Structures are given as C-alpha cells and as structure tokens.
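Work through the exercises below with the sequence and the 3D structure at hand. Try each task before reading its solution.

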Amino acid sequence: MNENEEKGESIPSILHSFYEDRPFRVCTRCGESLADFEEGYRVSKNFKKGEVILEYALCLPCLQRMLEESSEESKGRLARFQQERLRENVSGFEDCAFCETTRADARGEEYGIAGVCCGDRLLDSALICIDCIEEMHELLSEETRDVWKRFREENFPGVPADFEPFPGETIKTA
Ligand SMILES: [Zn+2]
Ligand SMILES: [Zn+2]
C-alpha cells in the first residue's frame, strides 16, 4: 500500500457516541484524548432491542491493561474459542463474527459491535450476537469477570448488574 494512502475507512456513524451524537473523543477509562493515541483505540457498543444500552471507547493502553488483569485461564479459553470459531472474511456490523446469525436475527435484537480505530479511521470491525457473547462469558473466570464488572460499575453506574460488557480480545487490535 502507498504510504500516503489513508488506511481503512472513515468511522461510520453507528460507532459514534450515541449519547454525545458525535465520534468518541476521549477514552472512557483514562479520559485522555483518543486522537493522541498513535496505536489506536477500540469503540464498543452493546444493543438490546435494537437500542444502545452501553457504549465505550478504550485507548489501546487501557484495553491492554484490562486484558493483563484478566486471568491466564480466561485468556487461554477465549483465544481457543476465537481460534475455533472466528469466521473467515467476516467483518462489519451485519454478520456475527462467530456464528451465522445476522444482526437482524440476533435474539432480542441484542448484540455487541466493536471497531478498532486510529484517528478518524476504522481499521477493523465486528459484530457478535448475544448467544456468542454469552458463550464467551461462560469461559471467563470469576477474576476476569470482576475486572469487567468493576469497569462497568465505575463508568456506567446505571447499567443493570446482570449486564456484562464483552471482553477485550474479541477482535484483533494489531
Ligand atoms: Zn485510556
Ligand atoms: Zn453469534
């Protein structure tokens, strides 16, 4: 690829902050400006009945820190799940990355989407249906669930306790 050519595509509005009605500007965890992270950041949103119930952006250092806090056991199980299940050449927000469910078919219109971004560009994207999210949560150790539970409680105090954001390794960030 030509060095001057812009990578990826511009960030689609579905990955913008629904609450702020504009692209995410700061990391939900550390509050730093996302534009300053050359290594990029990840935007994640969870939908239920087709509506946004939780959204966040994590700079890569914060995302990595959360992954490091996850137990080795969880990391190994998730890696195996992804190896076995990740569909080839499936990206974007219409098809689940792990099974044949489409966004329109997701149970209760419940699913998560994530995009790896750098500056104002989208480099990678994925949708995960609720069944696969639940399957992945089953793989997590108590310790790892606590890491994400703390993140949720600190940042989204209004979100119901039975809700877990999907974990960090869902799509490759490199
Ligand atoms: Zn951060
Ligand atoms: Zn699925």
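**Exercise 1: the sheet**

Strand 4 (residues 111-118) and strand 5 (residues 121-129) are joined by 8 bridges and run antiparallel. The model is predicted: local features need pLDDT of at least 70, side-chain atom pairs count only at pLDDT 80 or more, and totals for chains, interfaces and linings use all residues. Residues are numbered from 1 along each chain as its sequence is written, while chains are lettered from A and ligands numbered from 1 in the order in which they are written.

Task: find the order of the strands in the sheet and name its edge strands.

Solution. 
1. List the elements. The protein chain has 4 helices and 5 strands, and from the N terminus they run β-β-β-α-α-β-β-α-α. Helices (H or I, at least four residues) and strands (E, at least two) are DSSP runs, numbered from the N terminus.
2. Look at strand 5. Its pairing with strand 1 (residues 9-10) is antiparallel, over 2 bridges; two strands pair if DSSP finds at least two bridges between them. Glu9 has Leu122 as its bridge partner in strand 5, and Val116 has Asp124.
3. Look at the turn. Strand 4 and strand 5 make a hairpin with 2 residues between them, and Gly119 in that turn has a positive phi of about 60°.
4. Go on to strand 2. It pairs with strand 4 in the antiparallel sense over 7 bridges, and Phe47 stands opposite Tyr111 in strand 4.
5. The 5 strands form an open, antiparallel sheet in the order 1-5-4-2-3. Strand 1 and strand 3 are the edge strands, since each pairs on one side only.

**Exercise 2: the buried side of helix 1**

Task: which residues of helix 1 (residues 60-69) are buried, and what covers them?

Solution. 
1. Apply the burial rule. A residue is buried if 20 or more other C-beta atoms lie within 10 Å of its own, exposed if 12 or fewer, and partly exposed in between, with C-beta atoms placed from the backbone.
2. By this rule, Cys62, Leu63 and Met66 are buried in helix 1. They lie on the same side of the helix because they cover an arc of only 100° around the axis; the arc is that of the directions from the helix axis to the C-beta atoms.
3. Their cover includes strand 2 (41-48), strand 3 (51-59) and helix 4 (142-155).
4. Take Leu58 as a further case. Leaving out residues up to four places away in sequence, it touches Cys27, Thr28, Arg29, Tyr41, Arg42 and Leu63. Contact here has C-beta atoms, placed from the backbone, within 7 Å.

Methods
Contact = placed C-beta atoms within 7 Å.
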